[in-house]
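I opened my notebook to look up one structure, step by step.

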Amino acid sequence: MPDQTTDRPNTPLLDQINRPADLKALSNAQLAQVASELRSETISAVSVTGGHLGAGLGVVELTVALHAVFDTPRDKLIWDVSHQCYPHKILTERRDRIRTLRTKDGLSGFTKRSESPYDPFGAAHSSTSISAALGFSVARDLGGVVPEGNGDAIAVIGDGSMSAGMAFEAMNNAGHLGKRLFVVLNDNEMSIAPPVGALSSYLSRLYAEEPFQELKAAAKGAVSLLPEPFREGAKRAKDMLKGMAVGGTLFESLGFSYLGPIDGHDLDQLLPVLRTLKARATGPVLIHVLTKKGKGYAPAEAARDKGHATAKFDVVTGKQKKTPSNAPSYTGVFGDELVKHAAKDDKICAVTAAMPDGTGLNLFAERYPSRCFDVGIAEQHGVTFAAALAAGGMKPFCAMYSTFLQRGYDQVVHDVAIQRLPVRFAIDRAGLVGADGATHAGSYDIGFMTNLPGMVVMAAADEAELVHMVATAAAHNDGPIAFRYPRGEGEGVEMPDEPHLLEIGKGRMIQTGSRVALLSFGTRLGEVRKAAEALSAKGITPTIADARFAKPLDREMILDLAANHEALITIEEGAVGGFGSHVAQLLADEGVFDAGLKYRSMVLPDIFIDQASPEDMYRVAGMDAAQIEAKVLDVLGVATIGEKRA
Ligand SMILES: Cc1ncc(C[n+]2csc(CCOP(=O)(O)OP(=O)(O)O)c2C)c(N)n1
Ligand SMILES: CC(=O)[C@@H](O)[C@H](O)COP(=O)(O)O
Ligand SMILES: [Mg+2]
């Protein structure tokens, strides 16, 4: 319980908040002080961990207000994406671990059910919160039982995330069911990049027609009207605000009561509105809150991305502490190469789903704005849109993170693959990504792309290979093609003067050895080489090959490796069901196992690997150089894995 006496005048109020319920004893002014201290604590924590800063800073007051008014964890507070959850974590019994955010064995950078009862629903991919809130509301009304109890459900969703189809699917369902639930639309006029699309313009119009100050006053006035039964009060507040904005909102058409816009940094507006809604609401309510991403930290407010994600930084100067690298990033190589091809071929165009910088398409957007499409957080639409661009005679590159492409998978199957349309999938963040953890791991694309008839699937072993793969994809007009590459910097290899076209379905030999062949698909090749060096010191020289293609397989090369070695080991940065499985299928079909080949497939283990550095995550996965070496020794019967570990 907070100390409300004056004998500890200098003790920060935040230090006295042990759990969110402690906020309920505080006055509005004290809550404002807590918010101010919470903001400082968030900045301080992220300065030592790095991570998502801007979104959290923008919801500090909202976080305090929601926890002060609602009864978490009985009430289910669901943060969309949840990259803005750090202030929430500080208030919900995790302040002592907040400086372990996004590190191995530390707190996740996102909400996570296994971490805390205050995180009723995990997230990291966007636009799931309204569906989740609706599920909780219905479970409550149907008598579902959970240890913390089933109270209200509150979804907090950003303006960027609101543009996704899934959010509208949920609104459509919620408006129809009419259950009591709260959706807080946190409108900061930002996604990662500036938001795009008609919804964004629509939200701006909701408050653009009147000066904000007048709306602020009106919101306060509206609140004073609300002690009446909520329906009546809300109606009057609504009428008043609606009248001042544009009249009738999209949200009301979908069956929600709409309240707003209100200033999300003003607790004198937030608290009474939320208290009244909690006391009176009967159906679905949308509260439109205006905030500033990066609020209260000048370097974040001034940054192009409003401090969306940051490395560790100096709090005073805001300067980020980045480790310099001599090698270019894979993302940068892709972006640069695509621009070069686009200069020569005006049919090349590009699609990103709200990640222009993250996918390296920012440069393309600058040079060729009419051929670059940021479709918003809308992977499903983005894929189908690209399919039709291809059908219409263009050469689309659909650049998405592996993890987000998952959301567009039916479209990959139904709209691209079945119609054999030449969409080029540039799959970034393939494999384990590090601090974002399991939700962002690019573990499945090899499996789900190679399963599709007619799909060509490549993986770059280094940045030079990526150059060739972009060129190969650009030239490939006979059906869909995908190439994958990881987050971060390349190997530092020499870059080719000119890209060359790869022969579809042909791998390359790296070194010829004996007894065991290591067949790598993707950037584990670096670890394979290291393992081979260590093995040569033990008198074993493995053959090394880079498969380049998981589909079509280089049958000739693989069967040759199998025929000329005692053992064959495949390795890939993906889950079971990918490259190795296809190789095993080939070997089985060709009867190679009957001849006694020893075959092993190194894939990601059947677990979700928590955040850590990518190197640590691959160690957990059993896929670093030492573990490759151990696998070779084991398969050749030179030493057991147990002996190696000892
Ligand atoms: C399905 C999916 N696509 C893309 C992303 C990457 N992403 C994370 S946050 C974000 C922007 C979200 O904008 P908004 O909801 O307005 O939140 P803000 O950061 O402005 O608070 C994007 C595109 C994601 N998490 N999930
Ligand atoms: C929350 C989210 O989905 C993105 O902000 C993501 O964390 C970006 O990842 P990169 O840092 O790999 O671009
Ligand atoms: Mg936003």
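This is a predicted model: local features need pLDDT of at least 70, side-chain atom pairs count only at pLDDT 80 or more; totals for chains, interfaces and linings use all residues.

Entry 1: I looked up how two of the domains meet. I found 19 residues of domain 1 in contact with 18 residues of domain 2. I then sorted the side of domain 1 that touches domain 2 and got 6 nonpolar, 12 polar and 1 charged residue. The C-alpha centres of domain 1 and domain 2 are 33 Å apart. For the bounds, I wrote down domain 1 (13-302), domain 2 (330-484) and domain 3 (508-645).

**Entry 2: the whole protein.** I listed 25 helices and 17 strands. Of the 646 residues, 53% are buried. Next I looked at contacts with a separation of 6 or more, and 77% of them join residues 24 or more positions apart.

**Entry 3: ligand 1.** How many residues surround ligand 1? I got 23, and the closest are A55, S126, G158, G160 and S161. The shell divides into 9 nonpolar, 10 polar and 4 charged residues.

**Entry 4: the record.** I checked UniProt, where an unreviewed entry lists H83, A124, H125, S126, G160, S161, N188, Y297 and E379 under "binding site". These positions span 297 residues of sequence, and they are spread in space too, up to 31.8 Å between C-alpha atoms. An unreviewed UniProt "binding site" annotation also covers D159 and N188. This pair is spread over 30 residues of sequence but clusters in space, with a largest C-alpha distance of 6.8 Å.

**Entry 5: N188.** I found N188 in the loop between β3 (181-187) and α7 (198-208). Is N188 buried or exposed? I counted 23 other C-beta atoms within 10 Å, so N188 is buried; the cut-off for that is 20 or more. Not counting residues up to four places away in sequence, N188 touches G58, G158, D159, T291, K292 and K293.

**Entry 6: D159.** I placed D159 in the loop between β2 (153-158) and α6 (165-177). D159 has 22 C-beta neighbours inside 10 Å, so D159 counts as buried. Which residues does D159 contact, leaving aside neighbours within four places in sequence? I wrote down L185, D187, N188, E189, P195, S200 and L203.

**Entry 7: Y297.** I found Y297 in the loop between β5 (284-290) and α12 (298-302). Y297 counts as buried, because 23 C-beta neighbours lie inside 10 Å. Leaving aside neighbours within four places in sequence, I saw contacts from Y297 to I43, L57 and G307.

Notes:
Residues are numbered from 1 along each chain as its sequence is written. Chains are lettered from A and ligands numbered from 1 in the order in which they are written. A residue is near a molecule or strand if its C-beta atom, placed from the backbone, lies within 6 Å of it. Ala, Val, Leu, Ile, Met, Phe, Trp, Tyr, Cys and Pro count as nonpolar, Asp, Glu, Lys and Arg as charged, and the others, Gly among them, as polar. Domain bounds come from an automatic or database domain assignment. Two residues are in contact if their C-beta atoms, placed from the backbone, lie within 7 Å. Helices (H or I, at least four residues) and strands (E, at least two) are DSSP runs, numbered from the N terminus. A residue is buried if 20 or more other C-beta atoms lie within 10 Å of its own, exposed if 12 or fewer, and partly exposed in between; C-beta atoms are placed from the backbone. UniProt positions are given in the numbering used here, feature names are shortened, and annotations may be inferred rather than shown by experiment.
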